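Please consult the sequence and the structure shown here while reading.

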Amino acid sequence: MTVNVNGKAEEKAVEPRTLLIHFLREELNLTGAHIGCETSHCGACTVDIDGQSVKSCTHLAVQCDGGEVLTVEGLANKGVLHAVQEGFYKEHGLQCGFCTPGMLMRAYRFLQENPNPSEEEIRHGMAGNLCRCTGYQNIVKAVQYAAKKLQEPVAA
Amino acid sequence: MNAPVPNAEARELALAGMGASRLRKEDARFIQGKGNYVDDIKMAGMLHMDIVRSPIAHGRIVKINKEAALAIPGVHAVLTADDLKPLKLHWMPTLAGDVAAVLADQKVHFQMQEVAIVIADDRYIAADAVEAVEVEYEELPVVLDPYAALAPDAPVLREDLAGKTEGAHGKREHHNHIFTWDAGDKSAADAAFDNAEVKVSQHMHYPRVHPCPLETCGCVASFDPIKGELTTFITSQAPHVVRTVVSMLSGIPESKVRIVSPDIGGGFGNKVGIYPGYVCAIVASIVLGRPVKWVEDRIENISSTAFARDYHMDGEIAATADGKITGLRVNVVADHGAFDACADPTKFPAGLFHICSGSYDIPAAYASVKGVYTNKAPGGVAYRCSFRVTEAVYLVERMVDVLAQKLGMDKAEIREKNFIKKEQFPYTSAFGFEYDSGDYHTALKKVLDAVDYPALRAEQAAKRADPNSPTLMGIGLVTFTEVVGAGPSKICDILGVGMFDSCEIRIHPTGSALARMGTITQGQGHQTTYAQIIATELGIPSEVIQVEEGDTSTAPYGLGTYGSRSTPVAGAAIAMAARKIHAKARKIAAHMLEVNENDLDWEVDRFKVKGDDSKFKTMTEVAWQAYHQAPPGMEPGLEAVHYYDPPNFTFPFGIYLCVVDIDRGTGETKIRRFYALDDCGTRINPMIIEGQIHGGLTEGFAVAMGQQMPFDAQGNLLGNTLMDYFLPTFVETPHWETDHTVTPSPHHPIGAKGVAESPHVGSIPTFTSAMVDAFAHLGMTHMDMPHNAFRVWKQLKAHGMNL
Ligand code: FES
Ligand code: FES
């Protein structure tokens, strides 16, 4: 299969049953996305495929053939943190950090779906991702921070 | 022109020391996908282990057939208890003085118990091999109810203990009995009841729950047969203890065992114990001479690792007619599952449950806890709490509510009346705890004012009077005292090792610092907080202080992170180590300034000559001097180690208030308001404290409002995925309001008490208090958790309240 991951073309032979999360973590050594449940409930494995948030634990690697995958490792641009990463840092949106890559990838896509969300919309839009440490309140703030920052005019 | 010397205040700000909401140092790697969790670790030649587990809860193993599994290409070994027997590794000691099967030895005791392991080239092949191992069982009667387990004709669950009348904690009265442990003064308590004007009693069940950190348990074990060295990366809250146990079990000298806890994806007590999977991966690595990785899946995690609670409690309170409590009696039957595998200080088999007199001045009290074996996974772990304080607080808070209801008193009023008063501290409870400090009245007033309590009660009265009100309104109020900082080695040890903790600080010539700790963070932000303590103690900016922990080959011995002990114990060790360095630095500064050390004042980051502000040496200058040219006769260098054995526990406290609206049609509950005031003494990093409180409250919400571990009559756990087991999402989780007072601990070097578990301990009874309060006018005094919509709807129906 061929797949573009974080802007890099990869050509790999995979067993048809290989899950995307295992392909990313074990074949490509991209260990940012985590496995918390393997049943599509926790969202720790969330990555972005062709412009959609996908739980990579229940997605076969071959389903991405020819596609574009973005993982947390590809979120920062040339060492500059993405607004959602900055938001999580500034607003204390993480504790153990295990859910964080999935949260960031969901927040990244969610803010493209809804650039100016209310708190309630954030809570619903992020509800597919579980966190056991933070109680979500600061993650909501982190997403609000990112939303604001993404709407600032870009300096020339 | 010289830049003006910043004043002391500006310099203090620059340190980002204690009291600063310093952003977390650890976040950089987590937000860029560069965390290093156990499952991220790869080693050359690494194999994968998977576990064959029992589908039944109780039965004899008739036969295990490995042939089909071994025939699968890529499978290296299939091991059972019989293979571990020659190594004497088929049973292991538990942290509670019991033994547990590593792999089921002739018999299985609970569903999902470990029966065999397979080791293969990758996790897919290993999973195939697990399916191919054929195990034949002969089923035995299943015992799930701890009361039934104590019936004379109940089946013998632990045949390995047959005939043993002495357990690790005294006499065994029955073949399924583990221990009976009691505390307090029984005859004084009985006398209080004999003379009481008012008595109330209540039975309650604190259900079995699972801590469920987002990262499951796992390890990567690597044995080097040439050097005889074992390295294991492991999801552990207590790596040093694991090393000691592994060494004792394997016979490998402790100095050749290296245990590393890398980044840990949440612990909550689930990662304190030593699980068969860890031991098996280590054995597999020794047998095969290659690194072996084992990471459990979520179903395995929920079904087989460290449950919590499952306390069946009977509480009784004696009081005067005007509401002064005169006596407390408690009887508990504790379901510990198949093996007594909880981590508790050796001398307290029921943990610190006897803190159950709470925040109240109760003259006479007695508690007794009976531990019982059943066919459930080994349980009784301290989940986000210090050894059973969660159960204790739940009990006493429920009982005080029951008493208030009986007397027609307000919940706030009865608490105020019975609180230990500020001037009574240090206060010795009827169970012998010496509470260090507290100011409960001030805290309660602050909360009641903040929420306008009288207005809430008036609103509730109006709703109760209105037969058409679509909701029932309930107000929960809990005033709790935690006991953390385990603990003083005179009373607290695990496997005989005292529960001190440790810190080693090295100041480098250029004035940066490295601190190594006996604890290990699982999200608490140690790297940030610990550095802040050093910054304040030594006047070095937090930014240049590196904190390391979790690697037994570099960190000093410590008992790990659980029971909110990091700040009370390790935090104290840091301060004490820093003070040793400070004392030496003072001598060096005095030498440099050619004055007597008594003529120096310390100010933020420097020693100043008394009365002359222009003469000073900063800590950075002193550090250079310590390596460059120490005073004559003084050993060069600037470092110190401190092992801190606390003189006492610390007793943080809090007052929580919750308002619920219950839909009379559906039984669904809306948490309208949750106000949490915590007092953890000195606050090191307010931002991190608040984060810990949000997290603890959310876990408390889950326990009270939805978590359930339902078993059918055969002992099948019916909810072991995240589909069935309730972990709240963004949507259900309430909004939290936090507040604080500050009452430092008088015996802690910096006055800090520990906070992370308070919100869990305090919130759970608050939710129940609010739920029961909604029904209180109908005569309800208690209802068991979880308060999910179906169960609440049934209550509405029973009380004729459903619309
Ligand atoms: S691991 Fe994929 S959703 Fe939990
Ligand atoms: S930060 Fe630990 S699970 Fe979210």
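## Helix H18 of chain B

In this predicted model, helix H18 of chain B covers residues 686-705, a run of 20 residues. From its first C-alpha to its last, H18(B) reaches 28 Å, close to the 28 Å expected at 1.5 Å a residue.

The N-terminal end of H18(B) is capped by Asn685(B), which places a side-chain oxygen 3.0 Å from the backbone nitrogen of Met687(B). H18(B) is mostly covered, with 18 of its 20 residues buried.

## Extent of the contact between chains B and A

Chain B brings 54 residues to the contact, and chain A brings 51 residues. About 4500 Å² is buried between the two chains, and carbon and sulfur atoms give 57% of that area. On the side of chain B, the residues that lose the most area to chain A are Ile31(B), Leu214(B) and Phe730(B), which together account for 21% of what that side buries.

## Polar links and contributing elements

Between chain B and chain A, 24 residue pairs are in polar contact. Five salt bridges are found across this interface. Glu699(B) forms a salt bridge with Arg132(A), with the closest N and O atoms 4.0 Å apart.

Which elements give two or more residues to the side of chain B that touches chain A? They are helix H2 (27-30), helix H5 (123-132) and H18 of chain B. H18(B) gives the most, with 10 residues. The residues on this side of chain B comprise 24 nonpolar, 17 polar and 13 charged.

Notes
Residues are numbered from 1 along each chain as its sequence is written. Chains are lettered from A and ligands numbered from 1 in the order in which they are written. This is a predicted model: local features need pLDDT of at least 70, side-chain atom pairs count only at pLDDT 80 or more; totals for chains, interfaces and linings use all residues. Side-chain values use heavy atoms; hydrogens and water are left out. Helices (H or I, at least four residues) and strands (E, at least two) are DSSP runs, numbered from the N terminus. The expected span of a helix is 1.5 Å times one less than its number of residues. Buried means under 20% relative accessible area, exposed over 50%, partly exposed in between (1.4 Å probe, protein chains only). A polar contact is a pair of N or O atoms within 3.5 Å; within protein, one must be able to donate a hydrogen and the other to accept it, and residues adjacent in sequence count only if both atoms are side-chain atoms. Contact means heavy atoms within 4.5 Å. Buried area is the accessible area (1.4 Å probe) that two parts lose on being put together, summed over both. A salt bridge is a side-chain nitrogen of Lys or Arg within 4 Å of a carboxyl oxygen of Asp or Glu. Ala, Val, Leu, Ile, Met, Phe, Trp, Tyr, Cys and Pro count as nonpolar, Asp, Glu, Lys and Arg as charged, and the others, Gly among them, as polar.
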